[in-house]
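I opened a new structure today and kept notes as I went. These are my entries, in the order I looked things up.

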Amino acid sequence: MKNIVVLLSALLFSSLVNAQVKFNLSYQEATKVYTVSILPEVSWGAPKNMVSSAQVVLRVAANQEFTPGITSLVPGLTWADNAYIEHPDGAPEYTFVCISLVNGPTTQIPLADGQEVPLFSFVNAGNGCAGQVVLLANDDPMVQSVRGAGFNITQHFAVLGARGNAFTGLINSAVDCSPLTSVDAPTGKVIDEVKVSPVPADNVVNIQWTLLTDQQEQREMLIFDARGREVFRQKISGVQGRYSMHVQVANWQAGLYSMQFVFAGGQRTPSWNLMVIH
């Protein structure tokens, strides 16, 4: 009987060890879009694929203006930034942003071994580069220190098949827009005084800009959705002066979009955000 108990315990321990889900953080410089995804290392079918709750925690420098504009990439699910922990004891130079699954439990997230699943994407709705954005592992000393001060900043992904938190690690844990932005920016400012209105928009977005040069070269306006997919492209030209363009968005999906200007040599301006609601 003792051997049977030991064998059963070993099998249970083995299933829990293999019940792993890792988080991944990526960033597209062209669109300024961040994406958080998971990589399951075990497959769960119904009912073991039930995700009851989830939390993703991002760390940024406390002096950065950082407000994620979030778009869920799994139909039917909603993610929200429900807590900002600023200057906590144990890490006073940082801000921790907790993004949680709002409408769990759910079986909408596919959990298959080795198949990465994008959960949500976001841009910095505060505009500009937020510097380094980081996911920390739960055993990181900084996480433990902040938890000791009474704040739960642990990564969390509760799956029925894992009998609790299935999060076990990170694939890519940090991205930094700072060095990429300086490389891709045009050497001389060509476009300035960009204004996007209204925010949010329903039917039409009005984009205004000032062209600072009479030099004739190919320029295009590009708009991307929250997944980084191009949804609009228009060539622009002209002499120095003030310009505007009306973009019809009545048939676009509601969500956050980003717009930027692209030059013939591949250089890009910073991005400007626009929000569509219906």
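**Entry 1: β15 and its partners.** I began with β15 and strand β16 (residues 230-236), which pair in the antiparallel sense over six bridges. The model is a predicted one, so I read everything here as such. Within this pairing I found Met-221 opposite Gln-234 of β16. I then checked strand β18 (residues 255-263). It is joined to β15 by six bridges, and the two run antiparallel. Here Phe-224 stands opposite Ser-258 of β18.

Is β15 buried or exposed? I went through strand β15 (residues 219-224) and found six of its six residues buried, so the strand is largely enclosed by the rest of the structure. In a regular strand, side chains alternate between the two faces of the sheet. I looked for that pattern next. Arg-219, Met-221 and Ile-223 point one way from β15, while Glu-220, Leu-222 and Phe-224 point the other way. All of these are buried.

**Entry 2: an open sheet.** I traced three strands that form an open sheet, in the order β13-β14-β17, with antiparallel pairing. Which strands stand at the edges? They are β13 (191-197) and β17 (241-248). Each has a single partner strand, so one side of each is left without a neighbour in the sheet. I noted an average twist of 15° from one strand to the next. Between β13 and strand β14 (residues 204-211) I found five bridges, and the two run antiparallel. Asp-192 has Thr-210 of β14 as its bridge partner.

**Entry 3: the cores.** I looked up the largest nonpolar core, which has 36 residues. Ile-38, Ile-109 and Phe-157 have the most contacts inside it. Several strands each supply at least two residues of this core, including β1 (21-28), β2 (33-40) and β3 (51-61). I found that β3 gives the most, with five residues. I then listed what Ile-109 touches, leaving aside residues up to four places away in sequence. The list is Ile-38, Val-51, Val-74, Leu-77, Val-117, Leu-119 and Phe-157. I had met Met-221 already, opposite Gln-234.

**Entry 4: aromatic pairs.** How many aromatic pairs are there? The count comes to eleven. I looked at the pair of Trp-79 and Phe-120, which is tilted, with 5.1 Å centre to centre and 40° between the planes. Trp-79 lies in strand β5 (residues 79-86) and Phe-120 in strand β7, so the pair ties together parts that are 41 residues apart in sequence. Trp-79 is buried, at a relative accessible area of 5%. Phe-120 is buried too, at 0%.

I turned to Trp-209 and Tyr-243, which form a stacked pair, 6.1 Å centre to centre and 20° between the planes. This pair links distant parts of the chain, with Trp-209 in strand β14 and Tyr-243 in strand β17, 34 residues apart. Trp-209 is buried at 5% relative accessibility, whereas Tyr-243 is partly exposed, with a relative accessible area of 24%.

Entry 5: I found one aromatic cluster formed by Tyr-27, Tyr-34, Phe-66, Trp-79, Phe-120 and Phe-122. Last, I looked at Arg-59, which lies over the face of Tyr-94, at 4.0 Å from the ring centre.

Conventions: Residues are numbered from 1 along each chain as its sequence is written. This is a predicted model: local features need pLDDT of at least 70, side-chain atom pairs count only at pLDDT 80 or more; totals for chains, interfaces and linings use all residues. Side-chain values use heavy atoms; hydrogens and water are left out. Two strands pair if DSSP finds at least two bridges between them. Helices (H or I, at least four residues) and strands (E, at least two) are DSSP runs, numbered from the N terminus. Axes are lines fitted to C-alpha atoms, for helices over the stretch in contact, and angles run from 0 to 180 degrees between N-to-C directions. Buried means under 20% relative accessible area, exposed over 50%, partly exposed in between (1.4 Å probe, protein chains only). A nonpolar core is a set of buried Ala, Val, Leu, Ile, Met, Phe, Trp, Tyr and Cys residues joined through side-chain atoms within 4.5 Å. Contact means heavy atoms within 4.5 Å. Rings of Phe, Tyr and Trp (its six-membered ring) pair if their centres lie within 6.5 Å; planes under 30 degrees apart count as stacked, over 60 as edge-to-face and the rest as tilted. A charge sits over a ring if NZ of Lys or CZ of Arg is within 6 Å of the ring centre and within 35 degrees of the ring normal.
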